[in-house]
Amino acid sequence: MEIKKNQNNDLLTIEVIGRLDAATAPHLEKELNASLNGIKELVFDFSQLEYIASAGLRVLLVAQKRMKKQGNMKIKNVSEEVKEVLDMTGFMNFLNIEE
Amino acid sequence: MQEFVIEAQLENLEKVNEFIQGILSDFQCSNRALMQLDLVVEEIFVNIASYAYPESTGLVKIQSEIKKDPLSITLTFIDTGLKYNPLANEDPDLTLSIEERQVGGLGIYLIKNMVDNISYDYSDGQNILTLTKNLN
């Protein structure tokens, strides 16, 4: 799994490439912990995210909870497969998915 | 029937996935079915690796059986760790607001929704989790 970050003042864009599973999710969590101070807008680009497991969902949940307090979070370019997992777990209810 | 035995450690997840992909390489499955199967296998294996052997490490045995026409796979996960039925917990409440949502319970919930059949047994000191998934 690869992470590409792009920061512009208080806007942080994170592209997650590959699989977000139990082995790779801690890496994303670490990156977020290191990068979210002072960020008002967090954008995830999932165009190259092939797969997400519950470990990945947990990282998203924690990120969303944090960003709700300090600004905004949204996710763009979500594949159908990943969207299905988000839908099944009710995550579509509180995530901001940009079509 | 194919069998695979491996230490229940998180870093072995990839090897487990390779075992499953190897079994299915000769068959035509939809991408969606394969992805869901991957997810199910991961959630079960990670649960065992994370909780079954708290004091040390232990093994997990994965047995697989393929049926054709229609194509389906039956997987059995066997470990000798702490007695634990993952199906016994209540489903997470999906209607809770973001502030109230908890991080637990999602793995099992995904498993239950992505298989056609799943059951648990405990026998001779072994946790036995059996699932069947249609692969068309």
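A pocket is an open set of grid points with protein on both sides within 12 Å along at least five of seven lines, and its lining residues have an atom within 4 Å of a point. In this predicted model, the largest pocket is lined by 31 residues. S54(A), R58(A), N47(B), Y51(B) and V103(B) lie nearest its centre. The space in this pocket amounts to about 560 Å³.

In chain A, α1 (25-35) and α2 each supply at least two residues, as do α2 (31-52) and α3 (106-114) of chain B. The largest share comes from α2(B), with six residues. By class, the lining holds 17 nonpolar, seven polar and seven charged residues.

The interface between the chains was examined next. Here 24 residues of chain A are in contact with 24 residues of chain B. The two chains bury about 2,100 Å² between them. Carbon and sulfur atoms account for 63% of this area. Of the area that chain A buries against chain B, 25% is supplied by Y51(A), K65(A) and M88(A), more than by any other three residues.

Three salt bridges are counted between chain A and chain B. In one salt bridge, the side chain of R19(A) meets that of D38(B), at 3.1 Å from N to O. On the side of chain A that touches chain B, β4 (49-52), α2 (54-70) and α3 (80-88) each supply at least two residues. The element α2(A) gives the most, with eight residues. This side of chain A comprises eleven nonpolar, five polar and eight charged residues.

Notes: Residues are numbered from 1 along each chain as its sequence is written. Chains are lettered from A and ligands numbered from 1 in the order in which they are written. This is a predicted model: local features need pLDDT of at least 70, side-chain atom pairs count only at pLDDT 80 or more; totals for chains, interfaces and linings use all residues. Side-chain values use heavy atoms; hydrogens and water are left out. Contact means heavy atoms within 4.5 Å. Buried area is the accessible area (1.4 Å probe) that two parts lose on being put together, summed over both. A salt bridge is a side-chain nitrogen of Lys or Arg within 4 Å of a carboxyl oxygen of Asp or Glu. Helices (H or I, at least four residues) and strands (E, at least two) are DSSP runs, numbered from the N terminus. Ala, Val, Leu, Ile, Met, Phe, Trp, Tyr, Cys and Pro count as nonpolar, Asp, Glu, Lys and Arg as charged, and the others, Gly among them, as polar. On a 1 Å grid over the protein atoms alone, a cavity is a set of points where a 1.4 Å probe fits but cannot get out, and a pocket is an open set with protein on both sides within 12 Å along at least five of seven lines; lining residues have an atom within 4 Å of a point. Grid points are joined across faces, edges and corners, and a volume is the space filled by probe spheres set on the points.
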